[in-house]
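Dear colleague,

My notes on it follow, and I would be grateful if you read them with the model open.

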Amino acid sequence: MNVLVWAEQVDGRLRKSALHAVSAGAALGPVTVLLLGSGAERAAGEAASVRGVAKVRHAANDAAELTAESLAGLVVQAVRATEATHVIAAATPLAKVTLPRACAQLDVMQLSEVVRIDSPSTFVRPLYAGSALATVESTDPVKVATVRVSAFAAAPVGSGAGGEAIEALELHVPASPTRLIARNAKNAVDVDLADARVVVSGGRGMSSAEQFKVLEPLASKLGAAVGASRAAVDAGYAPPERQVGQTGRIVAPEIYLAFGISGAVQHLAGMKDSRKIIAVNKDPEAPIFQVADIGLVADLFEVVPVLERSL
Amino acid sequence: MKLLVAVKRVVDPNLRISIRPDGSGVETAGLKTVVNPFDEVAIEQAVRLKEAGIASEVVLVSIGPAAAKDTLRAGLALGADRGVLVQSDGAEVECLAVAKLLAAVARRENAAMVLLGKQSVDNDAAQCGPMLAGLLEWPQASLAARLRVEGEKLMATCDTEDGTDELELGLPCIVTAELRLVEPRYATLPNVMAARRKPIETVAASSLVDAAALAPRLRTLKVEAVDTRRHVEMLRDAGELAERLQELMA
């Protein structure tokens, strides 16, 4: 069994989601980490120090700003070069647009948003916004899976194979039919939603983009990331990258605070695995209270300042 | 410029689903179905390109049982011109096979662009678009939040982990739609009536690709319901919540 984990890196630093992907891969066997693009070699040392990592392969170090098309081609080549039987990546936006393209070239199915790995060929994944879990067996020669970050603990850093495990992989960077004109990064200083211990989210009950900001001081005191429901994003109260739910980010923090969120199924899909769920809503009938551990029927604009002052 | 839009028949996402007693899958019989909401966005975008004089025709394609004809009709009522039903009876068609069938239709129709929703709300796999792009070796604008056509190029703003990417693509290409790409219109009664007269061609899945392409790669061993309900402890006031939050943070 050769387990290849494609670990995303930005400017020589691993994305935190990559540590979760390594721990999913390590459940299968010793992990070969694949690092691609400019910064790959610089990220190799960090990758080699992650528990469960046996080998690190870096490639395309000269290629700045790779597109999904080029990355898919590189993943396919790496699968062949390492004779991978498994390809695992965190279910990030980039992996979601890249790996299915690679699967088409490998002529295999992809197992998406896997939450549990039962055997080298058996994977568990959610359906219908998490209302059901399917246990699926793959008969493909190469198993390609994206894993849900919230379902696998981050692999610890500082106990991996070390520097001798690192090698360059000679791959040909495929020409991209798409030209990347600009990359707009936002909220780089914010606490990452996927990794936050506490998430403070607002819904339609926040009433306006201006009033949505009342969550920020509370989030900052809690060291929390700010999330939003789709209703809040659709109404323009919060930017799309803050959206928690079936079609946004999937989070499972220690504490999830939901303010003015009714609790639509598609929102629950993104936060139902949180350790403790606290809901504040004016409507006592709001479905969010059915999935919450602690509830308070109240005006959030009166509650938030009280919480903030108490911390 | 001909646009092809892939539409999937899905159970109305507002309905509560149940699992078959033998755990073999989700019971969908008798439940109301709709056009996958993300595909509605893709249809709307395609129709707007036609209304702007950029596209000449909007063709919808759906892969599924005969009942998917109703799904195509619902899509035609939003302004598309005609439909193609790729009929597959029996087992569910996996994403890879769907992508192979869509590739065959895209080639046959000589489409300049194939638009799809970024994911379906039943399977949540979000694979079909990039898989199709990979099979056709076409450029892809995935998770598209905004797009415009400039001559023979497509300019797209696509969502990423940290924000957005601005991409320039040659045609033909694949687009997968985010919900915020455009807001779908409601079908007016006259348009629903007009859609009844629009042509829908039915082709057998087996006539487009060989049997090996349709062979399943995955086997569902079991499907279980997930009960998300918890026992909620209702508090009296904000002060009490502040105390509980402090305890949890400690």
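Strand 18 (residues 294-297) of chain A and strand 15 of chain B run parallel and are joined by two bridges. Please bear in mind that this is a predicted model. Within this pairing, Gly295(A) lies opposite Met234(B), a residue of strand 15 of chain B.

The two strands belong to an open sheet of six strands with parallel pairing, whose order is 15(A)-14(A)-16(A)-17(A)-18(A)-15(B). At its edges are strand 15 (225-228) of chain A and strand 15 of chain B, each of which pairs on one side only.

**The contact between the chains**

How many residues does each chain bring to the contact? Chain A contributes 71 residues and chain B contributes 65 residues. On the side of chain B that touches chain A, several elements supply at least two residues each, including helix 3 (95-109), strand 9 (140-150) and helix 8 (238-249). Helix 8 of chain B gives the most, with nine residues. By class, this side of chain B has 33 nonpolar, 14 polar and 18 charged residues.

**Chain B as a whole**

Chain B has eight helices and 15 strands, and its C-alpha trace spans about 65 × 45 × 40 Å along the principal axes. Of its 250 residues, 46% count as buried. Among contacts in chain B with a separation of 6 or more, 71% are between residues 24 or more positions apart.

**Two helices of chain A**

The axes of helix 3 (residues 68-81) and helix 4 (residues 93-106) of chain A come within 8 Å and cross at roughly 50°; the two helices are therefore oblique to each other. The crossing is right-handed. Residues that meet here include Leu71(A) and Val75(A) from helix 3 of chain A, and Val97(A) and Ala102(A) from helix 4 of chain A. By class, this contact has ten nonpolar, two polar and two charged residues.

With kind regards

Conventions. Residues are numbered from 1 along each chain as its sequence is written. Chains are lettered from A and ligands numbered from 1 in the order in which they are written. This is a predicted model: local features need pLDDT of at least 70, side-chain atom pairs count only at pLDDT 80 or more; totals for chains, interfaces and linings use all residues. Axes are lines fitted to C-alpha atoms, for helices over the stretch in contact, and angles run from 0 to 180 degrees between N-to-C directions. Helices (H or I, at least four residues) and strands (E, at least two) are DSSP runs, numbered from the N terminus. Angles under 35 degrees count as roughly parallel, over 145 as roughly antiparallel, 65 to 115 as roughly perpendicular and the rest as oblique. A crossing is left-handed if the near helix is turned anticlockwise from the far one by less than a right angle, and right-handed if clockwise. Two residues are in contact if their C-beta atoms, placed from the backbone, lie within 7 Å. Ala, Val, Leu, Ile, Met, Phe, Trp, Tyr, Cys and Pro count as nonpolar, Asp, Glu, Lys and Arg as charged, and the others, Gly among them, as polar. Two strands pair if DSSP finds at least two bridges between them. A residue is buried if 20 or more other C-beta atoms lie within 10 Å of its own, exposed if 12 or fewer, and partly exposed in between; C-beta atoms are placed from the backbone.
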